[in-house]
Amino acid sequence: MKGNNKYRKPLGLFSIVLSSTLWGQTPAANLGNHETSIATVATPAGPLPSSSADRSEDSSFIIGNDDVLAINVWKEPDLTRSIPVRSDGKISLPLMGEVQAAGRTPSQLEQDIVAKLENYIAKPKVTVIVEQVNSKKFNILGQVAKPGSYSITLAPTVVDAIATAGGLLDFAKPKAIYILRQNRSGGESRITFNYKEFIKGKNLDQNIKLVARDTIIVP
């Protein structure tokens, strides 16, 4: 028995070394094949334009005058550009001439451009993204440093709007601020805002999000 024990340890060690060698080779070989397979599948012939269906934030947005659009035509760099919507609601593009943009969603404008390009390009792929929203504006009037019209992207809430307009003047009535908002029926609703309460941390919900054509009055 002692003679048998003499050879058990070297044999066990040899088995471990052999097993480690085999295990060390197999994953490496498999990993190499796996990486090659991934590279083959994941590498496309060229970058594909993103679909407007994937940009849910743009799906219902209505383009307006002064908005800046990024228009990408796949594999057509001469037609790919950033362009503002003119005051007449149109944009001018090579081959297509004038295209109506205001009043259309990005998805609808994509389809309009595709329809025009089909006369010149086989199966054109077009992406329209709103780079800057300048058409959605609010007004702030009264006792603020810089009354006027501002883009909602600069000031999404009432407090942001007051700050954007330079803050309240000394004779302003911070407890009596209100917002005039147009209803779908054509009328106006009046929403009160007590700035004094807000800065004290009270009634924070009154700092509502602004919508296009809201008018903030600071008496």
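Predicted model: local features only at pLDDT ≥ 70, side-chain atom pairs only at ≥ 80, totals over all residues.

R213 sits in the loop between α4 (195–199) and β10 (215–218), where helices (H or I, at least four residues) and strands (E, at least two) are DSSP runs numbered from the N terminus. Its phi is near 75 degrees, a positive value in a residue other than glycine, and at 58% relative accessibility R213 counts as exposed, the classes being buried under 20% relative accessible area, exposed over 50% and partly exposed in between, with a 1.4 Å probe and protein chains only. Most residues other than glycine have a negative phi.

Residues are numbered from 1 along each chain as its sequence is written, and side-chain values use heavy atoms, with hydrogens and water left out.

K123, in the loop between α2 and β5, also has a positive phi, near 50 degrees, and K123 is exposed, with a relative accessible area of 75%.

Turning to the sheet, five strands form an open, mixed arrangement in the order β7-β6-β10-β8-β9, where two strands pair if DSSP finds at least two bridges between them. At its edges are β7 (148–151) and β9 (188–193), each pairing on one side only. Strand β8 (residues 177–182) runs antiparallel to β9 and is joined to it by six bridges, with I177 opposite F193.
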